Amino acid sequence: EAALMIGKMYLAGQGTPKDTTQAAYWLAKTLDAREQVPDQGWGVRSARYDPKDPNRYYKVAAEAAMLLAGMYASGDGVPLNPKLARQWLGVAEREGHVPAVKILGDMFHDGYGGDANLGKAFTYYYAAGGMRHAGAKYEEGGMHERGESVTVSLPKALQLYREAAVLGDAVAAYVLALAYDHGKGVAADPKKALGFYKDAAM
């Protein structure tokens, strides 16, 4: 865990000038240690994602992998390398980091960091959505609405949008507001539309 903290301090420039090369070194060292040392209470794998406290259950290795993925995805102090970013996300996903599962879905959907694969994208969205990730449920709904890797089903899409909205996804709430406002896939209902517009605006 000390290696993770050192990496984060170099990344943020806390107590030392910002040095992304050193940050990447120490973050990777965190993962080396995780491979060599048996689990000694580094964290608890969670079957649920809590958007109010997203780091609550994540293992140290998962956090380090996510930071490295972000650096390579944005080219922050390291050469821009979307392929390597996808690989680090895979490490975070295997360590139980739910947002990493959703982001992998995005990367496979859009072909960022490698070939596009809608089937894999759907699998990742489905998995993250099953762990209550609102954005993943919204994306899964979009794939049902567009018929990407699954049969077109507006009722299924709307169901997933509702589930995402309940979990706090503002975009899903706005899509539902439009559906009730214009009677798309549901009976027009101005009262429900107004409620979802308010949810989206919160």
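Lys-102 sits in helix 5 (helices are DSSP runs of H or I with at least four residues, strands are runs of E with at least two, and both are numbered from the N terminus). Is Lys-102 buried or exposed? Lys-102 is buried, with a relative accessible area of 14% (buried means under 20% relative accessible area, exposed over 50%, and partly exposed in between, with a 1.4 Å probe and protein chains only). Apart from neighbours within four places in sequence, Lys-102 is in contact with Tyr-125, Ala-128, His-133, Gly-135, Ala-136 and Glu-139 (contact means heavy atoms within 4.5 Å).

Keep in mind that this is a predicted model, where local features need pLDDT of at least 70, side-chain atom pairs count only at pLDDT 80 or more, and totals for chains, interfaces and linings use all residues. Residues are numbered from 1 along each chain as its sequence is written, and side-chain values use heavy atoms, with hydrogens and water left out.

Now let us turn to helix 6. Its buried residues are Ala-121, Phe-122, Tyr-125, Ala-128 and Gly-129. They cover an arc of only 135° around the axis, so they lie on the same side of helix 6 (the arc is that of the directions from the helix axis to the C-beta atoms). On the face turned away from that buried side you will find the exposed residues Thr-123, Tyr-126 and Gly-130. What covers the buried residues of helix 6 includes helix 5 (98-110) and helix 7 (134-146).

Have a look at the ends of helix 6, too. Just after helix 6, Arg-132 has a positive phi of about 70°.

Gly-75 follows helix 3 and has a positive phi, near 70°.

Here are the spans of both helices (the expected span is 1.5 Å times one less than the number of residues).

| Helix | Residues | Expected span | Span between end C-alpha atoms |
|---|---|---|---|
| Helix 3 (60-74) | 15 residues | 21 Å | 22 Å |

What does the whole protein look like? Its secondary structure comes to 10 helices and zero strands. Buried residues make up 41% of the 202 residues. Of the contacts with a separation of 6 or more, 46% join residues 24 or more positions apart.
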